[in-house]
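My notes follow the order in which I checked them.

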Amino acid sequence: MNYKKITKQFACKMAMPLALMFAACSTDNENAISKTEGDPGVEMGGSSEEPNIIASIRARAYYASANNGGGSSGDVVVSIPTNIFANGGQIVLTELDSVTLEPLNDSAITVSFKGNTEDTLTGELIPGDDGMVHFDSVSLRSSIVLLEAVSGGISLNAVVNVRDTNAFEIDGLSHLAAYRMQKLVESGMSFTAAKAQTETEIANVFGFGPQNPFLGANLTSSSPAALWRKTFNEIVSFGLLATLNREFGGTGTDAGISEDTKKSLAKGVESSHIFTILQVTPRAFERLGDSFALYYQECLQKRAYFANLLASVFGYGGCSSEREGELASISSEMYELKCESDTWNLTFRKANKVNVAHAFGTMTDSRDGKTYKTVQLDLGDVTQTWMAENLNYETENSSCFREESVVGEMSYCSTYGRIYSFVSGLDSSYRKYNSKEECATFKTVEYLTDAMSDDTLFWAEQAREECDGLFNEGDYTKDPYSVDWEKVVDSLNVLNLDVCPEGWRVPRYEDWITLFMYLREHFDVEPGEELNYLLSGYGNPIGFGMDFVAEVRGSSDWYKILVRKVPYLFTPKVLAEDSRDSGYEYAIQGVYGSIIYAFYSRMYNANRYHEVKNYFDLPNEGFIRCIKDE
């Protein structure tokens with residue numbers, strides 16, 4: 001059989017952009033029809049049977065960050081654009097000779113399927129049909145058929161035996177399997193033997209393992225193998241699939257896969273949207289109900305599969321207790337493999353560089369009975385004990401991240417802790433303005449001075465618009481730029497905020513500096529990069545447990561994630577000019593009281609993993625992480 005003849009549309013269009021990726025959805029059990037009885041070792045010949053055949057070709061929707069720039073220009077938005085079969089297409093069924101796998105003449109049957117349409121109000125894609133293509137009551141001379149999904153210049157194949165089941169998937173793995181089975185049949189092997197060997201080879205090389213067959217007849221959407229199969233398809237581009245066909249298809253082992261191809265697989269893993277999802281605390285999903293929590297757990301399973309895939313492709317074998325703590329390179333700038341608890345995990349290279357000694361504990365706030373996780377850090381000559389969660393004690397000058405009705409069991413406050421304000425309780429004598437009119441007058445002068453302009457009417461209008469927002473929609477008392485900092489510097493104690501439990505206190509500038517200096521030295525990072533090592537989403541190497549604050553919206557796997565930048569507060573301090581670190585400076589009049597941060601990217605693809613850079617800024621509003629008063 002000339003396999004190129006079957007895949008000519010696919011072969012000539014293989015150089016598709018990397019951004020276009022594919023996946024298939026598992027068989028829907030409600031649509032399944034019992035398989036034809038018979039000896040599985042005997043090929044079906046001519047037949048008058050009329051089976052119903054269902055082909056699944058649903059492509060995944062992939063995530064992409066809408067913030068293409070670095071820095072702190074705005075929110076990080078994760079949205080869902082489209083999939084490769086958005087414009088619809090066709091499934092072509094061709095009967096194959098059961099011995100040679102050559103196409104039988106005049107046996108092709110074509111069924112079209114609808115694409116997706118966009119809701120003009122929401123901008124979301126509405127799936128066409130049910131993602132399934134049905135061949136109803138077809139009469140076949142051979143039980144071995146080629147199923148080819150075609151959409152424009154895209155073509156994916158599957159070679160199947162309709163006696164196995166009546167429902168089949170067409171995706172990247174089925175395409176690899178079709179090519180490999182053809183090679184084995186050309187060498188003289190029967191279709192049944194070639195199919196079994198191909199399943200074993202692909203399972204071993206691509207991280208499924210002997211207990212996770214990927215082409216089984218009873219594959220369901222809830223099985224780990226189905227999720228892992230979908231995950232493989234999400235990170236393999238069409239160009240990479242063509243290369244894998246050539247390199248793996250000839251040998252059936254990882255020995256034939258080149259180093260460049262392995263690097264491309266690692267790069268595909270790096271670009272997966274799940275790393276953006278997993279950067280957000282699971283509580284952000286759990287608060288919205290079971291379906292959201294389940295989706296987060298699926299992302300964790302996908303990460304586990306990625307580790308298995310790369311360990312297999314790079315030839316590292318299994319992780320065992322004898323290899324505990326072993327690190328393995330996967331040609332990635334950002335990640336490496338680490339053997340932990342008998343399984344390979346994807347971890348950050350920098351996070352593995354040094355072990356910061358820490359011990360976990362708990363404490364209970366006697367004022368309201370809330371219990372917090374704690375972490376004791378050994379920083380060489382100094383020991384610090386911090387809350388490993390943000391404070392969530394209600395006071396007059398505190399609020400939730402977002403005031404809205406609770407969808408699940410957790411509010412934003414119970415998810416992230418409360419947001420406190422140093423400046424909202426300030427007396428009016430410490431303000432530059434206390435009314436909308438005073439605000440407009442003050443800002444007009446400020447604009448004219450800064451712009452060195454005499455266009456009073458223009459800048460007065462700009463000032464009125466800003467002040468309208470502050471007084472009508474916001475809370476001007478929380479705006480640090482409404483404060484007369486020259487007066488505050490003379491009496492800094494007016495900003496004291498005593499909100500921590502007995503025996504604990506609001507951290508000081510020196511507490512953060514001590515921690516940051518230790519992290520900077522031991523992780524060998526530049527000033528401002530230390531905050532990454534406090535993040536749960538960065539591997540939580542010292543147990544600090546700091547989370548990005550995110551709003552999760554949507555349903556049924558169609559999620560939008562908005563990541564916000566909320567500062568962390570410490571007891572305000574005035575630093576002399578010669579004591580300030582220029583790498584951190586943002587404060588006015590040398591008054592420091594919060595840690596702010598900006599996102600920046602370590603990736604080149606649309607789905608990026610975000611790191612942060614932190615600075616010191618004015619006392620404003622933000623979270624408080626109490627430290628033990630020792």
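I count a residue as buried when its relative accessible area is under 20%. The model is predicted.

**Helix 6**

I looked up which residues of helix 6 are buried. They are Phe238, Leu240, Leu241, Ala242, Thr243, Leu244, Asn245, Glu247, Phe248 and Gly249. That makes 10 of the 14 residues, so helix 6 is largely enclosed by the rest of the structure.

Next I checked its length. Helix 6 covers residues 238–251, and at 1.5 Å a residue it should span 20 Å. Its end C-alpha atoms are 20 Å apart, which agrees. I also found a kink of about 25°, centred on asparagine 245. Asparagine 245 is among the buried residues too. After helix 6 comes glycine 252, with a positive phi near 75°.

**Aromatic pairs**

How many aromatic pairs does the whole structure hold? My search found 34. I noted tyrosine 447 and tryptophan 459: their ring centres are 5.5 Å apart and their planes lie at 45°, so the pair is tilted. Tyrosine 447 is in helix 12 and tryptophan 459 in helix 13, so the pair ties together parts 12 residues apart in sequence.

I then took tyrosine 533 and tyrosine 538. Their ring centres are 5.3 Å apart with planes at 85°, so this pair is edge-to-face. Tyrosine 533 counts as buried at 1% relative accessibility, and tyrosine 538 does at 4%. Both belong to one aromatic cluster, whose members include Phe208, Trp228 and Phe275.

**Charges over rings**

Last, I looked for charges over rings. Arginine 367 lies over the face of tyrosine 393, 3.6 Å from the ring centre. The charged end of lysine 262 sits over the ring of phenylalanine 314, 6.0 Å from its centre.

Methods. Residues are numbered from 1 along each chain as its sequence is written. This is a predicted model: local features need pLDDT of at least 70, side-chain atom pairs count only at pLDDT 80 or more; totals for chains, interfaces and linings use all residues. Side-chain values use heavy atoms; hydrogens and water are left out. Helices (H or I, at least four residues) and strands (E, at least two) are DSSP runs, numbered from the N terminus. The expected span of a helix is 1.5 Å times one less than its number of residues. The bend at a residue is the angle between axes fitted to the seven residues ending there and the seven starting there. Buried means under 20% relative accessible area, exposed over 50%, partly exposed in between (1.4 Å probe, protein chains only). Rings of Phe, Tyr and Trp (its six-membered ring) pair if their centres lie within 6.5 Å; planes under 30 degrees apart count as stacked, over 60 as edge-to-face and the rest as tilted. A charge sits over a ring if NZ of Lys or CZ of Arg is within 6 Å of the ring centre and within 35 degrees of the ring normal.
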